[in-house]
Amino acid sequence: MTQSPATEAVVGKVSPRHIAIIMDGNGRWAQSRGKARIMGHKQGVEAVRETVRCATRLGVESLTLFAFSSENWRRPEEEVNFLMELFLLVLGREVKKLHKNNIKLNIIGDCSAFSERLKKKIGEAQALTAGNTGLVLNVAANYGGCWDITHAAQQLAEQVARGELQSSDITESLFAQQLSLSEQPPVDLMIRTGGDHRISNFLLWQLAYAELYFTDTLWPDFGEQAFSEAVAVFLSRERRFGYTGAQVRAWMNDSK
Ligand code: IPE
Ligand code: IPE
Ligand code: MG
């Protein structure tokens, strides 16, 4: 029997190949302890480490973490500055460990807005880990789903203007190739911590068929248990990709 494109993802309840996370709730975590919001960001780094460990152990191929959105520049200047410094510090401190663990680091987003120092660190970190074959760790920084789609449209428009492409050549798959993460498996599971039920301009196109999981756990409290719970919920869901439940279950029975 012909296997459907959905079969591989549904049958046998396979582990997610690509997990994306909106790491939210740092500020509230700190404030509920009478601390400044920035202390929550600092503590959040520990949750990042733990999550990278869990994803590696589970054999996830790609992990995409939302670290700073294109809208986060609206925050108080001191908080933005602190986040930029933290990003620099963490890159410098952790990249050797990532490299040792065969992890490939990939920053997605509009890096042109960052300081020269940060751009240089990002370039060095990506170059050092470029040849690694383990987990791909994507960090979304100054990232917005609307920016990603607009940027892709611009790239294609430029190709059309140069006469390298006809507008009628633009298909969904060609468009997708211009977007961030295009070379990686589709996002299977999107987790948002912090209790809000929205996408906040994270991956838009790329979440088309992702399972969405929202938890009240604040990001600094996210760890092995919360990660396992999210994956367990993912595994309990029936993904249908537009097919009927009966079709999907028939394929599942066939493959047993
Ligand atoms: C997420 O935590 C981290 C960033 C957006 C950089 P928040 O800082 O948004 O924390 P809350 O939502 O205010 O608690
Ligand atoms: C989303 O969180 C961005 C990151 C986690 C980096 P926000 O805290 O900025 O989202 P909103 O503003 O509450 O939607
Ligand atoms: Mg928030």
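User: What makes the shell around ligand 1 divide into nonpolar, polar and charged residues?

Analyst: In this predicted model, local features need pLDDT of at least 70, side-chain atom pairs count only at pLDDT 80 or more, and totals for chains, interfaces and linings use all residues, while side-chain values use heavy atoms, without hydrogens or water. Residues are numbered from 1 along each chain as its sequence is written, with chains lettered from A and ligands numbered from 1 in written order. The shell holds three nonpolar, five polar and four charged residues, because Ala, Val, Leu, Ile, Met, Phe, Trp, Tyr, Cys and Pro count as nonpolar, Asp, Glu, Lys and Arg as charged, and the others, Gly among them, as polar.

User: Which residues surround ligand 1?

Analyst: Among them are Met23, Asp24, Gly27, Arg28, Arg37 and Asn72, a residue being near a molecule if one of its heavy atoms lies within 4 Å of it. Helix H2 (26-31) gives the most to this shell, with three residues, where a helix is a DSSP run (H or I) of at least four residues and a strand a run (E) of at least two.

User: How do you know that Arg28 and Arg37 make polar contacts with ligand 1?

Analyst: A polar contact is a pair of N or O atoms within 3.5 Å. An N or O atom in the side chain of Arg28 is 2.7 Å from an oxygen atom of ligand 1, and a polar side-chain atom of Arg37 lies 2.9 Å from an oxygen atom of ligand 1, so both pairs are polar contacts. The protein covers 87% of the 380 Å² of accessible area that ligand 1 has on its own, by the Shrake-Rupley method with a 1.4 Å probe.

User: Which residues carry the annotation "active site"?

Analyst: An unreviewed UniProt entry gives that annotation to Asp24 and Asn72, though such annotations may be inferred rather than shown by experiment. They are spread over 49 residues of sequence, yet the largest C-alpha distance is 12.0 Å. Asp24 lies in the loop between strand E1 (18-22) and H2.

User: What makes Asp24 and Asn72 polar contacts of ligand 2?

Analyst: An N or O atom in the side chain of Asp24 is 3.1 Å from an oxygen atom of ligand 2, and a polar side-chain atom of Asn72 lies 2.9 Å from an oxygen atom of ligand 2, so each pair meets the cut-off already given. Of the 390 Å² of accessible area that ligand 2 has on its own, the protein covers 78%.

Definitions and conventions: Polar contact = N/O pair within 3.5 Å; in protein donor to acceptor, adjacent residues only side chain to side chain.
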